[in-house]
Amino acid sequence: MKQSQLWVIIWILVIYSCQPRGGQGPLFEITLSETLIDQAQDGRLILMLSTNDASEPRFQISDGPESQLAFGIDVENWEPGKPIMIDAEAFGYPIRSLKDVPEGTYQVQALLNRYETFYLKDGRVLKLPPDKGEGQQWNRKPGNFYNVPATVNIQKAGKVRITLDQEIPAIPDPVDTKYIKHVKMKSEMLSDWWGRDVYLGANVLLPHGFEEHTEARYPLMIFHGHFPYTFGGWRESPPDPNLEPDYSARFGIEGYNILQQQEAYDQYQQWISPDFPRYLVIEIQHPTPYYDDSYAVNSANQGPYGDAITYELIPYIEEMFRGIGEGWSRFLYGGSTGGWESLAVMIKYPDEYGACFAACPDPIDFQAYTVVDIYQDKNAYYLDSPWKNTPRPGKRDYLGHVSANLEEMNHRELVLGTKGRSGQQWDIWEATYSPVGEDGYPARLWDKVTGDINPEVAAYWRENYDLGHILRRDWEKGLGEKLKGKIHIYCGDMDNYYLNNAVYLVEEFLESTTNPYYAGEVDYGDRAEHCWNGDHEHPLYISRLRYNTFYLPKILDIMKRDAPRGADLSSWMY
């Protein structure tokens, strides 16, 4: 090649490199304000773009078709005042790359979900987002940094500068009342495992007459579910007459907020009425760095939460509030996450609890992990086929209309956090059920980008957390005798997340048992969505508000049946 030709090529490359980056999409230069903090930060930086100004973009990232755009990158040792770039390489949802974002005017917002360094007892050093009293909600977490949304006209080759100069404030502690108490207890088991102080909490609903009837000792009802700030569904005054009625899109009801207040007040009126059974109700607070609760079992990635709740927290509450303190007097119930927890805790601690009532439980048999058989299927996102890619559905309504598929739902989580740190549903299942991965974080059941399933991880799930498999494996080894008459499962046959599929498989086994027969209950709601709880008399929008009283008649019958001779069945029936 002649020297003159070489110079021509060099000049062409120089000129090309100076041209607008139209094929690469817009660039976002984000700076952390030095007025917020003076220390370098680790975390997940999330950029959001929205064409809907009804609320901030951070509240508009969802699985449904209304979702706006989000792009995420991990940051380490990000120093205040020094800009960091988000470009076309950042993983996005529902559009994969910024280069594919159409030009136009957007509301632009960025948020840093801050991580802390955890030094675990086993030697692992992990960077994780701690809960700050909000129940592991990245867009509401106290201490997270963000910017006020800015209206920006985005061009393919443009650069947008953003400064994070806002901090989400701390959440005040809830206030105790005559009936509702808020308890926190340092867990020695969890503190030892995590290498830092870890606290378990509970919102406690005291029985009417608790202070007057000092001789009474009470049964304990444990309402499992997502992180509760304070005790829900409880109101000691009539509905606010000045409350503006809102519209529930889920149920198609105008003024659902007023109806909820009325139901909460009705529960209070029932609670204090004559001859109503007196018992303790608790909602447990056990958020982890991976989710708004631990799933109430021991796990390799989250520690001994099952033991800590059963052997530390429950006895602590019973001693403080005069619980009977024996297995026959403790009952588990809840829906969705709480449904899985209720059944799992019943199976793993059969001597410590009297019965469980598991409504719309998360997948209780991994042959039907929603719509995936993790043991037979090769890919979670698409049906196995040599010639076509048919997406697996992830969410539907009662008519079967699909609003999200599994790939979309998992990609949204991947934007919010790598290594299982999104704080969302699919990631917490891995944090709970998986072994520790080579990098110290939860091992992936499937590749988060492609959906390819890891059969070795699936085998670990089967032996440790597949409740259907555990029941089949151990029923005639003594587990069945301990669970006889204690299992009650309810699910809508059009559950939004296909959770009924796993219930069918478990029901098939339970109804086949003879040594002994399970003597419990499995029931379905016709065309009922998530989270049907066994109530055939009321619509879902009502029954979902009545967990704390709905199962009580069945619980009272079980206590009369199973309480040992001489047990206290009267001091609390005043």
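Tutor: Gladly! Two strands are said to pair if DSSP finds at least two bridges between them. Keep in mind that this is a predicted model. Here, Ala-358 stands opposite Ile-489 in S25.

Student: What makes S22 and S25 a pair?

Tutor: Strand S22 (residues 355–359) and S25 share 4 bridges, in the parallel sense. The definition asks for at least two, so they count as paired. In one of these places, Phe-357 has His-488 of S25 as its bridge partner.

Student: Why is S26 called an edge strand?

Tutor: The open sheet has 8 strands, in the order S13-S14-S18-S15-S21-S22-S25-S26, with mixed pairing. S26 and strand S13 (180–186) each pair on one side only, and these are the edge strands. From one strand to the next, the twist averages 20°.

Student: What makes S25 mostly covered?

Tutor: Buried means under 20% relative accessible area, and 6 of the 6 residues in S25 (487–492) are buried, so the strand is called mostly covered. Ile-487, Ile-489 and Cys-491 are buried on one side, and His-488, Tyr-490 and Gly-492 on the other.

Student: Which helix lies across S25?

Tutor: Helix H5 (residues 337–348) lies across S15, S21, S22 and S25, at about 150° to S21.

Note on methods
Residues numbered from 1 in each chain as written. Predicted model: local features only at pLDDT ≥ 70, side-chain atom pairs only at ≥ 80, totals over all residues. Heavy atoms only, no water. Buried < 20%, exposed > 50% of the residue type's maximum accessible area, 1.4 Å probe, protein only. Axes fitted to C-alpha atoms, helices over the stretch in contact; angles between N-to-C directions. Contact = heavy atoms within 4.5 Å.
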